[in-house]
Amino acid sequence: MHVDDMQVRNVKPRGRSVARHREGIEKQRIAQRRAQHLRYDPNVVQNPFAIEKNASFYLPETHRFQLMGAAAEEKRLRDCSVHAKRQYIISKRSNNVVKEKNRWKEEEQKKHIEHQRVRRFREAGIKALANTSSVPYDTVTHKPKDSVEAVRLKYSEDRWKYKAEMRKNLLNTRQNGHYNPITGADYPRIIEPEEPRIPSQLRRQPTKKIRGHIL
């Protein structure tokens, strides 16, 4: 059989523009449908979707999207709900903005106070004392430093030595008496230690209590 003798149905390609006119295609299919379906004569019925003006459900194009009755009430309730939710979000956002501004203001005040505190420490040199040694003498050579704390420590040490000598003499006198019980010889006279005097550097300093001693 020759190809020219064959009856081939050539269909014109539609292209992508067909998808843009789906409503027109649907109307065309309804008008051209067969097989026990009612077919509208295009000479009689121009638009099968058109509604007659005397019909009960007829509505002009200008009133199609205007809500009336129950639909209008539902629309009003929905608008109120959306408006209330939007106002809640706006109010919450405003409160968060105010809280954030107050928080940053407090942080700036704390930072300013901390700067003032550091500046006072730098001017007075108080914070630098934390880097000093905990003892007023050299830990390697054990030589006292030239400071009031070294004088106070020396005076406190002299007080301890003085009290130790006084206690030793007191115990010796009360336990042994004034003579040797074996030989009968008298003990040499006990010399009382000299009480240390308060250094002049400590007289101008406030009193400080060290292990029961007021310096």
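I started with a side-chain pair: Arg152 makes a polar contact with Glu149, side chain to side chain, at 3.1 Å. For a polar contact I took a pair of N or O atoms within 3.5 Å; within protein, one must be able to donate a hydrogen and the other to accept it, and residues adjacent in sequence count only if both atoms are side-chain atoms.

A note on the source: this is a predicted model, so local features need pLDDT of at least 70 and side-chain atom pairs count only at pLDDT 80 or more, while totals for chains, interfaces and linings use all residues. Residues are numbered from 1 along each chain as its sequence is written, and side-chain values use heavy atoms, with hydrogens and water left out.

Next I placed Arg152, which lies in helix α3, residues 148-176. Helices (H or I, at least four residues) and strands (E, at least two) are DSSP runs, numbered from the N terminus. Is Arg152 buried or exposed? I found it buried, because its relative accessibility is 6%. The classes are buried under 20% relative accessible area, exposed over 50% and partly exposed in between, with a 1.4 Å probe and protein chains only.

I then listed the buried residues of α3: Ala150, Arg152, Tyr155, Ser156, Arg159, Tyr162 and Asn169. Just after α3, I noted that Gly177 takes a positive phi of about 80°.

**Glu195, out in a loop**

I found Glu195 in the loop between α3 and α4 (200-203). Glu195 is partly exposed, because its relative accessible area is 43%. What does Glu195 contact, leaving aside its neighbours within four places in sequence? I got Arg159 and Tyr162, with contact meaning heavy atoms within 4.5 Å. The side chains of Glu195 and Arg159 are joined by a polar contact of 2.9 Å, and Arg159 is among the buried residues of α3. I also checked Lys161: its C-alpha is 9.6 Å from that of Glu195, and the two are 34 residues apart along the chain.

**The whole chain**

I counted four helices and two strands, running α-α-α-α-β-β from the N terminus on. Buried residues make up 6% of the 215 residues in the chain. Of the contacts with a separation of 6 or more, 42% come from residues 24 or more positions apart.
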